[in-house]
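Have a look at the structure, try each task, then check the worked solution.

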Amino acid sequence: MNDFNWKIAALTFIFYILVDALYVVYTKYIQKNKAIPAATVGAAMYGLFGFGTLAVVSSPWNILFIILGSWIGTYVTVKYYKDK
């Protein structure tokens, strides 16, 4: 506990950018009733969620990287689809 590691923090940040980008894609697949792509993206998201959970258990400071990565991932992906 409280064993902060910059490499884990950076991976957590990157993974949560990806998690939220995938969440936007997941939602689009659900709206289009595409079950297999939605299920595949959902499974990938839960794998990344697991990493985030373990990262926070090892150091509560990693929640800051999750929050920032999540915000950036959602913002960039929604802007991308909006401008498309």
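**Exercise 1.** Work out at what angle helix α1 and helix α3 pack, and how far apart their axes are.

*Solution.* Start with the pieces: α1 covers residues 6-31 and α3 covers residues 62-83. (Helices are DSSP runs of H or I, at least four residues, numbered from the N terminus.) Their angle is about 35°, and the axes lie 7 Å apart. (Axes are lines fitted to C-alpha atoms over the stretch in contact, and angles run from 0 to 180 degrees between N-to-C directions.) Next, who touches whom? On the α1 side you'll find W6, F13 and Y16 among the residues in contact, and on the α3 side F65, G69 and Y81 are included; contact means heavy atoms within 4.5 Å.

This is a predicted model, where local features need pLDDT of at least 70, side-chain atom pairs count only at pLDDT 80 or more, and totals for chains, interfaces and linings use all residues. Residues are numbered from 1 along each chain as its sequence is written, and side-chain values use heavy atoms, with hydrogens and water left out.

**Exercise 2.** Which helix does I63 lie in?

*Solution.* I63 is part of α3, and I63 also takes part in the contact with α2.

How values were computed
Helix = DSSP H or I, 4+ residues; strand = E, 2+ residues; numbered from the N terminus.
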